[in-house]
Amino acid sequence: MGILLEQNASDSALPLLSLNHVSYLCKSVKESSKFYQEVLGFVLIRRPSSFKFEGAWLFNYGIGIHLLQCNSISDVQQMPIKINPKDNHISFQCTNIELVKKRLGEMGMKYETALVEEGGVFVDQLFFHDPDGYMIEICNCDNIPIIPLSASACPIRKPLSYVDVKKSKLSAAGTEALNAAEMETRMMENLFANMIDIAM
């Protein structure tokens, strides 16, 4: 995704690095874990052994999915009857929306599509539910650049890698464009650095 970034971000905001994970309450951790692995390509990773409740951690694309077993089925939302693109959702970028449609069709999954246009640029969106009724979007949103409405009022921070923070070496690179491939590379570096720390 083409992101216009500023190094001199407001000091009043929290010192955040990136989105780490989303957490979902599940009717069946086993079923939901299988869905996130087989449909979305996530990988099971080790979770802290100190947890005294059933769950699973998965990771890919620079983000974690944490699944938690519900105490009662009534704790989890009912599967929505209709797919509503305006519902809360997590969104993933893809390289080929037609291939996504084909694969979901082969899996027998229901989905809804939408087309967004901005200044002659088009974005394909595809929406479907996971086994617990949580909405997932697949899109090619990187077609539209992210441009802050007011650079001074809402600067976008350049993400720092885990290694950068560990070494406390901040670069003064100025404004640059960070695309999705570069972001994924940085996030994978973070994952490997975290895995090394856990192993030590």
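This is a predicted model: local features need pLDDT of at least 70, side-chain atom pairs count only at pLDDT 80 or more; totals for chains, interfaces and linings use all residues.

Trainee: Which cysteines are joined, then?

Mentor: C139 and C141, with 2.4 Å from S to S. The limit is 2.5 Å, so the pair qualifies. A search of the whole structure finds 1 disulfide.

Trainee: Why is this disulfide called left-handed?

Mentor: The torsion about the S-S bond of C139 and C141 is about -130°, so the disulfide is left-handed.

Trainee: Are its two ends buried or partly exposed?

Mentor: C139 is at 1% relative accessibility, so it counts as buried. C141 is at 22%, so it counts as partly exposed. The line between those labels is at 20%.

Trainee: On to charges. What makes K27 and D132 a salt bridge?

Mentor: The closest N and O atoms of K27 and D132 are 3.6 Å apart. The limit is 4 Å, so the pair counts. K27 sits in the loop between β2 and α1, and D132 in the loop between β8 and β9, so the pair ties together parts 105 residues apart in sequence.

Trainee: How many salt bridges does the structure hold?

Mentor: It holds 3 salt bridges. One of them pairs K101 with E98, at 3.3 Å between the closest N and O atoms. Both residues lie in helix α2, 3 residues apart, about one turn of the helix. Another pairs E106 with K102, at 2.7 Å. These two also lie in α2, 4 residues apart.

Trainee: Why is E106 called exposed, but K102 partly exposed?

Mentor: Exposed means over 50%. E106 has a relative accessible area of 56%, so it passes. K102 is at 49%, so it is partly exposed. E98 is also at 49% and therefore gets the partly exposed label. K101, at 23%, is partly exposed too.

Trainee: What makes the buried residues of α1 a single side?

Mentor: The buried ones are V29, S32, S33, F35 and Y36. They cover an arc of only 160° around the axis, which puts them on the same side of α1. On the other side, K30 and E38 are exposed. Cover for the buried residues comes from elements including β2, β5 and β9.

Trainee: Which residues have the most contacts inside the largest nonpolar core?

Mentor: Y24, Y36, L40, I65, F128, I136 and I138, in a core of 27 residues. Among the elements that give it two or more residues are α1, α2 and β8. Take I65: beyond its sequence neighbours, its contacts include Y24, Y36, W57 and I90.

Trainee: What makes β7 and β8 a pair?

Mentor: Two bridges are enough for pairing. These strands have 7, and they run antiparallel. A114 stands opposite Q125 in β8. The strands form a hairpin with 2 residues between them, and G119 in the turn has a positive phi of about 60°.

Trainee: Last one. Why is Y111 called partly exposed?

Mentor: Its relative accessible area is 28%, so it is partly exposed. The label runs between 20% and 50%. Y111 is in the loop between α2 and β7. Its C-alpha atom is 5.4 Å from that of F127, 16 residues away along the chain. Its contacts include I83, K101 and L126.

Methods. Residues are numbered from 1 along each chain as its sequence is written. Side-chain values use heavy atoms; hydrogens and water are left out. Buried means under 20% relative accessible area, exposed over 50%, partly exposed in between (1.4 Å probe, protein chains only). Contact means heavy atoms within 4.5 Å. The arc is that of the directions from the helix axis to the C-beta atoms. A nonpolar core is a set of buried Ala, Val, Leu, Ile, Met, Phe, Trp, Tyr and Cys residues joined through side-chain atoms within 4.5 Å. A salt bridge is a side-chain nitrogen of Lys or Arg within 4 Å of a carboxyl oxygen of Asp or Glu. Lists of a residue's contacts leave out its neighbours within four places in sequence.
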